[in-house]
Amino acid sequence: WISSIKNHKVEVIQSNHRPVPLKHLLFTPDNKLITPADLKEKTPGKPSEKRKRRRSPRPDLTKLVEILKRKDYLPGLFFVFSRRRTEEMAAMVGKDFDFTTTEEKEQIRQTITDTLSGLGIEQMPRVKELSNLLPRGIGFHNAGMLPVLKILVEDLFEQRLLKALFATETFAVGINMPARTVVFESLKKFDGRSLRMLHSREYFQMAGRAGRRGIDDFGHAISLFRPDDCAPGEIKNVLDEE
């Protein structure tokens with residue numbers, strides 16, 4: 001398309017070098033960070049054994065955020081495959097965490113006032129919820145939000161005032177706003193027809209936001225992992241950049 005409108009040949013330049021290397025980790029239901037290589041293939045049991053087996057619990061998001069804070073892995077960009085869940089998970093973390101200093105809170109509140117002043121939307125439920133979360137260094141971003149709210153969140157994230165941002169995958173497309181860590185709510189998503197594993201290109205589109213050039217030695221891509229959801233071989237396929 002560019003070649004046709006510019007009327008000259010366009011060369012595709014490809015690079016396999018990542019300026020900030022990625023480390024891939026899984027967060028398990030027993031609150032541990034492990035590498036995909038630590039997983040072992042499950043041996044199939046008898047049908048009667050399968051019926052008795054209970055599903056493993058979901059990994060505890062709050063525990064993961066505690067670990068990220070302790071290890072200095074924030075700011076974190078949390079990818080969630082549901083608009084509603086971005087807001088629910090942000091609210092959940094907002095109950096237990098406050099990441100900002102007094103000065104940062106004041107800067108955030110002033111940015112909120114400057115951005116929303118005169119629009120008459122301050123009393124809308126979503127605006128009030130977001131305005132309460134942002135001064136704590138927590139936000140959400142999805143396609144169902146008013147454009148001005150998305151701009152507000154992007155502005156604060158770009159200023160490094162948000163430490164935990166819960167967003168749908170559209171945040172990874174066309175917006176160059178990296179974080180120290182990217183977290184996946186799951187390695188599966190509902191694509192409108194079925195619940196399936198992420199394609200490798202989808203995973204790396206989002207995971208590529210981990211690691212800030214000139215700031216971080218490594219980017220961390222962490223996936224909440226339930227052993228019942230996927231096999232080690234399926235995870236390997238997702239993480240294979242080839």
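Q: What makes E3 and strand E6 (residues 181-184) paired strands?
A: Four bridges join E3 to E6, and the two run parallel. Two strands pair if DSSP finds at least two bridges between them. Four bridges meet that cut-off, so E3 and E6 pair. Gly76 stands opposite Thr181 in E6.

Q: What kind of model is this, and which residues count?
A: This is a predicted model, where local features need pLDDT of at least 70, side-chain atom pairs count only at pLDDT 80 or more, and totals for chains, interfaces and linings use all residues. Residues are numbered from 1 along each chain as its sequence is written, and side-chain values use heavy atoms, with hydrogens and water left out.

Q: How many helices and strands does the protein chain have, and what makes a run count as one?
A: The chain has nine helices and nine strands. Helices are DSSP runs of H or I with at least four residues, strands are runs of E with at least two, and both are numbered from the N terminus.

Q: Why are E2 and E4 called edge strands?
A: Seven strands form an open sheet, in the order E2-E1-E9-E6-E3-E5-E4, with mixed pairing. E2 and E4 each pair on one side only.

Q: How do you know that E1 pairs with E2 and with strand E9 (residues 219-224)?
A: Count the bridges. E1 and E9 share six, in the parallel sense. E1 and E2 share two, in the antiparallel sense. Leu26 takes part in both pairings: Ser223 stands opposite Leu26 in E9, and Ile34 is the bridge partner of Leu26 in E2.

Q: What is said of E1: enclosed or open to the outside, and why?
A: Five of the six residues of E1 are buried, so the strand is largely enclosed by the rest of the structure. Buried means under 20% relative accessible area, exposed means over 50%, and partly exposed lies in between (1.4 Å probe, protein chains only). Across the protein chain, buried residues make up 45% of the 242 residues.

Q: Why is Asn31 called partly exposed?
A: The relative accessible area of Asn31 is 31%. That value lies between 20% and 50%, so Asn31 is partly exposed. Where is Asn31? In the turn of the hairpin formed by E1 and E2, which has five residues between the strands. Asn31 has a positive phi of about 65 degrees although it is not a glycine.

Q: How do you know that the buried residues of H6 line one face?
A: Helix H6 spans residues 125-133, and its buried residues are Val127, Leu130 and Leu133. Seen down the axis of H6, they fall within an arc of 130 degrees, so they line one face. The arc is that of the directions from the helix axis to the C-beta atoms. The face turned away carries the exposed residues Pro125 and Asn132.

Q: What do the buried residues of H6 pack against?
A: Their partners are helix H4 (83-94), helix H5 (102-116), strand E4 (138-141) and helix H7 (147-158). Contact means heavy atoms within 4.5 Å.

Q: Why is Leu156 called buried?
A: Leu156 lies in helix H7. Its relative accessible area is 0%. That is under 20%, so Leu156 is buried. Leaving aside neighbours within four places in sequence, Leu156 is in contact with Ile108, Thr111, Leu134, Leu161 and Leu162.

Q: Why is Glu154 said to have no salt bridge?
A: Glu154, in helix H7, is buried. The nearest side chain of opposite charge, Lys150, is 6.4 Å away. Lys and Arg count as positive, Asp and Glu as negative; His and the chain ends are not counted. A salt bridge needs a side-chain nitrogen of Lys or Arg within 4 Å of a carboxyl oxygen of Asp or Glu.

Q: What makes the link between Glu154 and His141 a polar contact?
A: Their side chains are joined at 2.8 Å. A polar contact is a pair of N or O atoms within 3.5 Å; within protein, one must be able to donate a hydrogen and the other to accept it, and residues adjacent in sequence count only if both atoms are side-chain atoms.
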